Every structure is written in C-alpha cells, then in structure tokens.
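Please read the points below beside the model. They are set out as a colleague's notes, each on one part of the fold.

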Amino acid sequence: MSTFGRAYRITTFGESHCHGVGVIIDGLPANIPLTEADIQPQLTRRRPGQSALATARQEADQVLIMSGTEHGKTLGTPIGAMVRNKDQRPGDYGFQSEQKAFVPRPSHADYTYQMKYGNKASSGGGRSSARETIGRCIGGAVAEAYFKKHYPQIEVVAWVSRVGPIQYDMPAERMKTITRDEVDAARHLSRCPNDELADKMSELIGTVKADDDSIGGWVSCVIRGAPVGLGEPCFDKLEAMLAHAMMSIPATKGFQIGSGFEGSSVRGSKHNDPFVKGEDGKLRTSTNNSGGVQGGISNGEDVFFSVAFKPPATISKAQATCDMDGTETTLEAKGRHDPCVVPRAVPIVEAMASMTVMDAILLQKTRHTE
C-alpha cells in the first residue's frame, strides 16, 4: 500500500521517471503555520546531486503546496504537495525496454514488481525508487511544523553511524545535544558527525564508486522530547510502528532500538533501567537501554534506534545474470545511482520518525484524560 499512518495519514504518489512525485496528507489539524519554506530544507537535504558521494542526477526538488493551506496556515483539509521531475533519462534503461525479456537488476525490485503486477515502470525504479521518498520527507516536515507549534520540545535528528565496516558509536551525552547542523557540517559529506570517521567513510564511498560498485551502512536517529504515553499496545507499540516506518524505506534490511541485538547477550541486572526522581519531580531512568520505550509505550526518555541499509543494487560493474526468459547475460547497468544511500537517507529516516510520533500523539489525544 502507498498509505502510512492512522490518525496522521500520508499517501505518496509518482515514479522515478514520471512527471512528478508527491503526497496527500490527511489528519493535520487546522491553523498550523505552514508554507513551502517549512518543507524545502528537508527536501534539499534529501535531493540528488548534492555531493560527489551521491548520484549525479540533478533535481532541485522544489516543493509546491497545491491544497490544504491558505494565508500561510493549514485549513484542516487534506494537504496536497508535489515536486516535478526534471532530469529524467529513460534512455539509460535500455536493458529494461523489452518487457518480455528485459534484464532484471540483481537484488533490485525489477523482477518482483513484474511478477506481482504483470507490468513495471520501464525506466528507473518506478515506485521502488528513492524518488518516492520525496513524499515522505514532505509529510515529515509537515509533522514537524505541528511539533513547532504544539510540542516545541520534540527534536528528531539522524546521522550516519556506519558505512561498510567503519562505525561511529555516538556517546550518550552527545546524543542529547546533536543537531542537524552538526550532522550537515561541510566536512561531513558522509553525514557522520565525527571528523576522523567521516573522512574515512567518504574515502571508502569514493573508492567503491570508482570501482563501479556500491556499499551499505547504518543511519541512527534520536527522538528527544517525546511525551510519555505514546504507542498503542499490543500490535501498534511505538517501537513496532517505528520498525514498520523504517523498514518501508527503500533498501532497508534491519532495525534495532535501544540496546538492540547486543542487549540480548547481557543479564537483566545489567540491562534494566532503574527509576530515579528527576529534577521536575517525575520519574526518569538512570540508564536508557530500553531506548525510550517500555512495554511498547514511550517513557519520556530519548528514543533512539538504528536502521541498516543494503548496498544499492544498481551498479555499473559487470554482473553475470539472466534476462526474464532465463537466458544468461552480463549486465552493466547504466543510470545515475548512489554508491551508498545512507548520507541521503538521513532526512528520510527523520521524516518517518516524525510522522510516526505525530500519528502516535494524535491517537493518544483521543483517549487522554486530565
């Protein structure tokens, strides 16, 4: 399905090489200040062609709000927003021009889309392309406009924590203050907010790109200021919805929250987060192995998690494979593609996190009593 959310719902539309991509947003309350200027920064962070580490496709990705606002405020009606595609090159996909015997890219969605629908977009990745995530970034930015008015304490910041074998484990204290500006610092083309490791990551991505290959990595994210009580047990627990959100992003292969998989190897006496009385008189935890979620419900601590992305499937390096008829062939895919998706995935992860929290807030409002 192309719809995400329950109380705050988005439906994305468009393919990588069609006229444009965008989103319909439903459930946003009225009188929230909102213009294109509130949305554009996240689209600019996501857009292609922004550095030597990204695809060479050049798209300005300028957003147009088509409905749902007037005089700079939301009307409470569905918001329609879109971005026009301008730098399509369908000629790069000649290997997919024959629908019967085209060459499906190894580990791409070409084969599965064709088998599921009996048809597929003949160029680019269609709906499986990262162009689809433009609608997600719009939806996330709109959710953050709501936070700005009603929950100004909520901050969502993501960063690259791993490329290939190179990993940055952010200290817990820095996670409390890290900003998007720090992640986007000019030196950090890889969007890893550690100078030494950022340089190593950038060098690795450049080496892989020069070899016509690709590499995977991790994006980590922290949600600060989320109120206690978000999440809908049993099946829509907060971490379950975050996992759903993150694993819907193209190229994702793994999700962990809090202590994640490593937490399974320690004793409960070490892993438990003891309660303490905070300065405001409310209960807090002295550690945060839970990642801000207990019993599927936010506990007021920072929510933090990581998402694993596989190496991009489309590479120019020659690969022995078969066409749809089973005839052996060699594929050297053309087109302009990221050698590593994680630097540009940072705002996409932030968007999905913001929309998940927004949805949970609106659902909690339906039952909250003083």
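How exposed is Asp 199, going by its relative accessible area? Asp 199 is partly exposed, at 31% relative accessible area, where buried means under 20%, exposed over 50% and partly exposed in between, with a 1.4 Å probe and protein chains only.

1. On the basis of these notes. This is a predicted model, in which local features need pLDDT of at least 70 and side-chain atom pairs count only at pLDDT 80 or more, while totals for chains, interfaces and linings use all residues. Residues are numbered from 1 along each chain as its sequence is written, and side-chain values use heavy atoms, with hydrogens and water left out.

2. On the partner of Asp 199. Arg 187 makes a salt bridge with Asp 199, the closest N and O atoms being 2.4 Å apart; the term stands for a side-chain nitrogen of Lys or Arg within 4 Å of a carboxyl oxygen of Asp or Glu. Arg 187 sits in the loop between α5 (180–183) and α6 (195–210), Asp 199 in helix α6 itself, and the two are 12 residues apart. Helices (H or I, at least four residues) and strands (E, at least two) are DSSP runs numbered from the N terminus. Arg 187 also counts as partly exposed, at 45% relative accessibility. Salt bridges that share partners join Arg 45, Glu 144, Arg 180, Asp 184, Arg 191 and Glu 350 into one network.

3. The structure holds 21 salt bridges, and Arg 6 takes part in the one with Asp 236, where the closest N and O atoms are 3.0 Å apart. Because Asp 236 lies in the loop between β10 and α7 (238–247) and Arg 6 in the loop between β1 and β2, this pair ties together parts that are 230 residues apart in sequence. Arg 6 meets Asp 359 as well, at 2.8 Å from N to O, and here the loop between β1 and β2 is linked with helix α9 (residues 342–365), across 353 residues. Asp 359 is buried, with a relative accessible area of 2%, whereas Arg 6 is partly exposed at 26% and Asp 236 is partly exposed at 27%.

4. On the sheet that contains β1. Five strands form an open sheet in the order β1-β2-β3-β7-β4, with antiparallel pairing; two strands are taken to pair if DSSP finds at least two bridges between them. The edges are β1 (3–4) and β4 (64–67), each of which pairs on one side only. Three bridges join β4 to the antiparallel strand β7 (residues 79–84), and Leu 64 has Met 82 in β7 as its bridge partner.

5. On a nonpolar patch. Leu 64 also belongs, with Phe 13, Ile 24 and Met 66, to a nonpolar surface patch of about 340 Å². Such patches are made of residues with over 30% relative accessible area and no salt bridge, like charges being joined within 9 Å and nonpolar side chains (Val, Leu, Ile, Met, Phe, Trp, Tyr) within 5 Å. Phe 13 lies in strand β2 (residues 9–13) and is partly exposed, at 31%.

6. On the sheet that contains β8. A second open sheet has the order β9-β8-β10-β16-β11, again with antiparallel pairing, and its edge strands are β9 and β11 (252–257). Seven of the nine residues of β8 are buried. Eight bridges join β8 to β10; Val 157 stands opposite Val 222, and Val 160 opposite Val 219. On the β9 side there are two bridges, with Gln 167 as the bridge partner of Arg 162. β8 and β9 form a hairpin with two residues between them, and Gly 164 in the turn has a positive phi of about 55 degrees.

7. On His 108. This residue lies in the loop between β7 and α2 (110–117) and is partly exposed, with a relative accessible area of 21%. His 108 and His 17 are 91 residues apart in sequence and 17 Å apart in space, C-alpha to C-alpha.

Technical notes
Areas by Shrake-Rupley, 256 points an atom, 1.4 Å probe, with all protein chains shown as cover.
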